[in-house]
Amino acid sequence: MAIQEKAPVGASRNALEAWLASAVEADADLLSSLLQNTHPTLAQIVGRAVPADIKVTAVAETPTDLYIVRRFEGGTEPAEAQGTQAQLLRTAIHTIAMDEEGFWDKIANTPKPVLQQRLGLTVPPEVNVKVLTETTNSAYLVVHHPAHLAAWTPPVEVMQRVPVKK
Amino acid sequence: MMHAVDYDFHQIAAAVKSEFNLAATDVANVVKNTLGLPSDMVNAVLKVAGYVVGDIEKAMSSAFDRAASHLNPSHW
């Protein structure tokens, strides 16, 4: 596996996911290494070992799988100015969930109608939406398939509520 | 079933606030660390318990300090 240059050492998980989405395109071995040997591969990429008390699970989106992660700390995570569409979608969902108890349950139970009605995201019939929930000691790292959200524009009323990192 | 469980969390938080007069930050940390609830659920518990918005925001920032979070690679 040849790690791409300019890996986001010391960066946030959002920056890491954004980097991975393009890095796996340039390095065919990186994705399989990340999925099969997640912690050692992450240690190479970010330059630091994953803490022993954390389990990071890497998952990769495909043209027929879209993942949404309920991050343990997502409710306090602002959108980053240079963030990806995937980050924006997750942050928007977290923002709504902070005001509407049970929103994550709705997303998990009926993702497509909720995404359509509340976030203006139409998910094609052939695409499965999977919601993953983190715990205090488990995290998901998603290699996103950017095409899923390429045409998505978040509703203005939602964007007005999304906190932005200063 | 899930609703019943949530309702208990809220009752516990409200009781803790009224009986022991704990700060929102203390309740947030207990609910997060002891019950393992994610940020959105801790936020909901604090709201139902009746804390004011400013105290909830401070409590959430304290309990879920991303800069010090072990889930964030920047902190590894």
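In this predicted model, 27 residues of chain A are in contact with 18 residues of chain B. Three helices of chain A, namely α1 (13-26), α4 (85-99) and α5 (103-109), each give two or more residues to the side that touches chain B. The largest share of that side, 3 residues, comes from α4(A). By residue class, the side of chain A that touches chain B divides into 12 nonpolar, 8 polar and 7 charged residues.

**Chain A: overall fold**

- Chain A contains 7 helices and 4 strands.
- Starting at the N terminus, the order of elements in chain A is α-α-α-β-β-α-α-α-β-β-α.
- Chain A has a radius of gyration of 16 Å, close to the 15 Å given by the globule rule for 166 residues, and is therefore as compact as a globular protein of that length.
- Taken along the principal axes, the box filled by the C-alpha atoms of chain A is roughly 40 × 30 × 30 Å.
- Of the 166 residues in chain A, 34% are buried.
- Among contacts in chain A with a separation of 6 or more, 67% are between residues 24 or more positions apart.

**Chain A: the loop residue N37(A)**

- N37(A) lies in the loop that links α2 (28-36) to α3 (38-46) of chain A.
- With 14 other C-beta atoms within 10 Å, N37(A) is partly exposed, because a residue is classed as buried at 20 or more such atoms and as exposed at 12 or fewer.
- The C-alpha atoms of N37(A) and A58(A) are 9.2 Å apart in space, while the two residues are 21 residues apart in sequence.

**Chain B: overall fold**

- Chain B is made up of 4 helices and 0 strands, which follow one another along the sequence as α-α-α-α.
- Buried residues account for 36% of the 76 residues in chain B.
- Of the contacts in chain B between residues at least 6 apart in sequence, 54% join residues at least 24 apart.

**Chain B: packing of α3(B) against α4(B)**

- Helix α3 (residues 39-49) and helix α4 (residues 53-63) of chain B have axes that come within 10 Å and cross at roughly 150 degrees.
- The two helices α3(B) and α4(B) are therefore roughly antiparallel to each other, since angles over 145 degrees are assigned to that class.
- The crossing in which α3(B) passes α4(B) is right-handed.
- On the α3(B) side, the contact is made by S39(B), V42(B), N43(B), L46(B) and K47(B), and on the α4(B) side by I56(B), A59(B), M60(B) and A63(B).
- The residues of this contact between α3(B) and α4(B) comprise 6 nonpolar, 2 polar and 1 charged.

**Chain B: packing of α2(B) against α4(B)**

- The axes of helix α2 (residues 24-35) of chain B and α4(B) come within 8 Å, with a crossing angle of roughly 45 degrees.
- This angle makes α2(B) oblique to α4(B).
- The passage of α2(B) across α4(B) is likewise a right-handed crossing.
- From α2(B), the residues A24(B), T25(B), A28(B), N29(B) and K32(B) meet D55(B), I56(B), K58(B), A59(B), M60(B), S62(B) and A63(B) of α4(B).
- The contact of α2(B) with α4(B) divides into 6 nonpolar, 3 polar and 3 charged residues.
- I56(B), A59(B), M60(B) and A63(B) of α4(B) take part both in the contact with α3(B) and in the contact with α2(B).

How values were computed. Residues numbered from 1 in each chain as written. Chains lettered and ligands numbered in written order. Predicted model: local features only at pLDDT ≥ 70, side-chain atom pairs only at ≥ 80, totals over all residues. Axes fitted to C-alpha atoms, helices over the stretch in contact; angles between N-to-C directions. Parallel < 35°, antiparallel > 145°, perpendicular 65-115°, else oblique. Left-handed = near helix turned anticlockwise from the far one by under 90°. Contact = placed C-beta atoms within 7 Å. Nonpolar A, V, L, I, M, F, W, Y, C, P; charged D, E, K, R; others polar. Rg over C-alpha atoms; globule rule 2.2 N^0.38 Å.
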